[in-house]
Amino acid sequence: MARRWLALVVLSVALVLNSVLGDEDTNTEKGGEGNGKRYQVAVFEWEEVQVPYTIALWILLASVAKIGFHISKRFADIFPDSSLLIMVGLIVGIILSLAKVDQSTFSLDSQIFFLYLLPPIVFDAGYFMPNRAFFDNLGTILVFAVIGTLWNMATIGLSLWAIGLTGVFSVETPLLHVLLFTSLISAVDPVAVIVVFEEIHVNEVLFISVFGESLLNDAVTVVLYQIFRSFSEIGAENLLPVDFVTGGISFFVVALGGVLIGLIWAFIVCFTTKYTKHVKILNPVFVFLMPYCAYLTAEMFGLSAIMAVVFCGIAMKQYIKLNISSKAITSIKYFTKMLSGSSETVIFMFLGLSTVSRKHHWDTAFVALTVLFCLVYRALGVVIQCFFLNRFRLVRFSKVDQFVMAYGGLRGAIAYGLVVAMPDIIPAKDMMITACIVVIYFTVFLQGMTMKPLVNFLKVEKEEKRKKNMTEYIFERLIDYTMAGIEDICGNKGHHWLRDSFETFNNNYLKPILVKKSSNRPQDSKIVREYTRMTLKEASDIARGRIPSHQALSGIMRTKSKDSFDSMTEGINGSALGNTYNNPAFDMNSIDPIRSERLEHASQNKHLDMGQMQPKKHHFGGNTREQINKARNDKSLPSISLTRPPS
């Protein structure tokens, strides 16, 4: 029986091959008056599927390689994923080069990188950005992104240009060409930072400082790159003062224009999802498509596309979650992570491939000095900036934090995409491409591989791998509103006042426009959603026998609320308000008797998370200090003591 099946398979294969590779003369003889072709069972048409099939094979190869890295935990702990993917790409590139394969098949084109591979990564970063940490440290992030990038560009560029005047380099390096190169090599790369820093899990403040810098310095990098590229094409001898003025104005236009485009598209996607009640299947389409339109719109007008998609993701998140179902939110989360992970994998693999496919010009002095200056001036810039920032920050950067920030200035694919897109009129372009690749390899391999051991050796504070409990949510809001009230009394409009004013404007004007009426309710605050999440999790744990039902949060709250209500009723009937005070209606200590270290740390540093819960009335009703004092002196009003009565 087996032989019969084997013979049948062989016969089928023979018939297929005969149909595919049949003799054309035979077909012509049997074709009669036709064109000489007969129907074929199967054909081989590689040209029609070459591009998508090649892309699918690259993604498959990179994904399989990434799976293989994590089979050995010891191997994965030593090498970051980015360095391993570059190594795989380098090996595959060497093999394809020896096989005489067309180099265009395995080279990373700058247009493909910026239009297709980079947007999913940046959208993932913006959509899942910790908003509270980002805006609390926005001033610090802007200092690192703007002043730090300008510092690195100027110091590295002037140093290379000054040394180039001695004739050490093999190719002439005019000042404009060097500044064009340093404008792209001085910026921290967000893709490399995401890959490396997410593996070492540093604390939130340290991560958001480096990661936020890598995102926002895109605006500075794009402006500087466009300015010096235009100046190089015009020629130093043909520049006029108006060109420098236009370049300075373009900095604000590119940065703020990208943010504005991102906010406009965020408004559009939120308003659209508000009316998708009967076509819920389209919600993920709008969530993915419109931020991509924001990216393309910014690219079309020459603005910062990264800023556009980042702020689009930041702005749309809180409204999208109220307009779509929890299942759609989960689908969006995992699909976004899948897209960004696939793009990261392909980018680093193609960096290794492009090393083989590109034409290089090796200059030891230029390459070595570029790497040295990138390290030295990055460290000096971080130390100097932290010295001034610590004078105004409540949570200061320690020396260990400064070392991690200086050492974490990684370069990546954005620098490579920009250096490849440099105009061909620059004589040192091939030398600069080689130096850029060496800098990327140095930061990704050496700094990326040693980052985790150094963080463990220096005992850098790590990120907590747990979610906040109900007690922390309530007390964090309490501290926020208390600080905002203190600022109102003192007449000082600080960041608590700004946050509270935005929340008031958000609840009164933005949410009614962008959120469905059924979701725009006080009951849909973040605390209520957190309580719902906790009760669902506990219901699952009870069903699986992990915890008894009487220890669940909902059971404790019902018991305490009933006891407190009984105590309150007795107190009112007996006209003993002191008993009501001594038996509060809701004692959070009974839920979580162990004081959380995270809450204590957050209370000391005022690094807290702002939710959506709003009081029914603005702090102190928006009254002035004179009105408050008048109300305090009014004898007809009952006096309120803020101190606990003696027991």
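This is a predicted model: local features need pLDDT of at least 70, side-chain atom pairs count only at pLDDT 80 or more; totals for chains, interfaces and linings use all residues.

Visitor: Why is Ala-236 called exposed?

Guide: Buried means under 20% relative accessible area, exposed over 50%, and partly exposed in between, with a 1.4 Å probe and protein chains only. Ala-236 has 54%, so exposed is the word. Leaving aside residues up to four places away in sequence, Ala-236 touches Leu-176 and Phe-231 (contact means heavy atoms within 4.5 Å).

Visitor: And what makes Phe-231 buried?

Guide: Its relative accessible area is 7%, so Phe-231 gets that label.

Visitor: Why is Asn-203 called buried?

Guide: Asn-203 has a relative accessible area of 11%, so it counts as buried. Asn-203 lies in the loop between helix 10 (190-200) and helix 11.

Visitor: What does the side chain of Asn-203 reach at 3.0 Å?

Guide: The backbone nitrogen of Leu-206. The backbone nitrogen of Val-205 is reached too, at 3.4 Å. A polar contact is a pair of N or O atoms within 3.5 Å; within protein, one must be able to donate a hydrogen and the other to accept it, and residues adjacent in sequence count only if both atoms are side-chain atoms.

Visitor: On to the rings. How many aromatic pairs are there?

Guide: The structure holds 22. Take Phe-134 and Phe-135: what makes that pair edge-to-face is the 85 degrees between the planes, with the centres 5.2 Å apart. Rings of Phe, Tyr and Trp (its six-membered ring) pair if their centres lie within 6.5 Å; planes under 30 degrees apart count as stacked, over 60 as edge-to-face and the rest as tilted.

Visitor: How do you know how accessible those two are?

Guide: Phe-134 has 1% relative accessibility, so it is buried, whereas Phe-135 has 42%, so it is partly exposed. Another edge-to-face pair is Phe-231 with Phe-244, at 5.3 Å centre to centre and 65 degrees between the planes. That pair links distant parts of the chain, Phe-231 in helix 11 and Phe-244 in helix 12, 13 residues apart.

Conventions
Residues are numbered from 1 along each chain as its sequence is written. Side-chain values use heavy atoms; hydrogens and water are left out. Helices (H or I, at least four residues) and strands (E, at least two) are DSSP runs, numbered from the N terminus.
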